[in-house]
Amino acid sequence: MSETPAGSAEIVGGFQFVDVPTSQVDQWEADSVPVADAARRLNEALIRSRAEGEELRSIAKELEGLVERLEATAHAGPAGVRYNAEGRSWEWGNAAVGLRNVVAPPMTTEFTSTESVRGEAVLGAAYEGPPGMVHGGVSALLLDQVMGKTASRHHTQFTFTGTLTMKYLQPLPLGPVEVLGRIDRQEGRKVFVVASIGTPGSVAVSAEGIFIKPAWAEADAAAAAVNAD
């Protein structure tokens, strides 16, 4: 399997065009899910396991063999974001939603309108801070991801996080969580987003953020408008 066949073109900031049909990307993802899920189970099991001594050394040896098999086809550099001519994109290394990144829960997200996004994740022992509770940094990670997607206005503009302010209102228990984001207003290149993470009907952390459209994105949009006339 190759995600960077001949004809791929590197774009700005790690975004890369890959000339493959969506059906192929879907198949790559379908093949990846069992591996990624098993790796997440491994992580959870290692945290909870009481294995020791020779048993752990034996497991490490078996894992080394599996790692070498995966490294044999690994590309260098960042995972980045890839997309095809049909508008399908994939960011398998993303720390919040990356399908192949076992650090990611992974969280699933969807637009509920042009200016709002809803995210869902199940957070287990790998995301624990205080006993039985989600680490505050994990909440910040998931909030930032949803707020950044919200600021894109359904992928019609590109932004970076400028500021992110959070209020921790109460502990967030491990388990299913919901992240909600919406655009409050936009002033030029600044997009003001508000969001929360918690369980249905209960907010644990609220957040406000300013997301900035970079100057080069404004220039590209202006050029596209001129070319369209």
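The following legends describe an overall view and several close-up views of a predicted model.

**Basis of the views.** Residues are numbered from 1 along each chain as its sequence is written. In this predicted model, local features need pLDDT of at least 70 and side-chain atom pairs count only at pLDDT 80 or more, while totals for chains, interfaces and linings use all residues; side-chain values use heavy atoms, with hydrogens and water left out.

**View 1. The protein chain contains 4 helices and 10 strands.** Helices (H or I, at least four residues) and strands (E, at least two) are DSSP runs, numbered from the N terminus. Along the sequence the elements follow the pattern β-β-α-α-β-β-β-β-α-β-β-β-β-α. Of the 229 residues, 31% count as buried (under 20% relative accessible area, with exposed over 50% and partly exposed in between; 1.4 Å probe, protein chains only).

**View 2. An open sheet is formed by 6 strands in the order β5-β6-β8-β9-β10-β7.** The pairing is antiparallel, two strands being paired if DSSP finds at least two bridges between them. Strand β5 pairs with β6 (residues 116-123) over 5 bridges in the antiparallel sense. Within this pairing, Phe111 stands opposite Val117 in β6.

**View 3. Glu29 belongs to helix α1 (residues 22-48).** Its side chain makes a polar contact with the side chain of Trp92 at 2.8 Å (a pair of N or O atoms within 3.5 Å; within protein, one must be able to donate a hydrogen and the other to accept it, and residues adjacent in sequence count only if both atoms are side-chain atoms). Not counting residues up to four places away in sequence, Glu29 touches Arg88, Trp90, Trp92 and Leu99, where contact means heavy atoms within 4.5 Å.

**View 4. Phe15, Phe158, Phe160 and Trp216 form one aromatic cluster.** Rings of Phe, Tyr and Trp (its six-membered ring) pair if their centres lie within 6.5 Å; planes under 30 degrees apart count as stacked, over 60 as edge-to-face and the rest as tilted. The whole structure holds 7 aromatic pairs. One of them, Phe15 with Phe158, is edge-to-face, at 5.5 Å centre to centre and 75° between the planes. This pair links distant parts of the chain, 143 residues apart: Phe15 lies in strand β2 (residues 15-17) and Phe158 in the loop between α3 (136-151) and β7. The rings of Phe158 and Phe160 have centres 5.1 Å apart and planes at 85°, so this pair is edge-to-face. Phe160 is partly exposed, with a relative accessible area of 46%.
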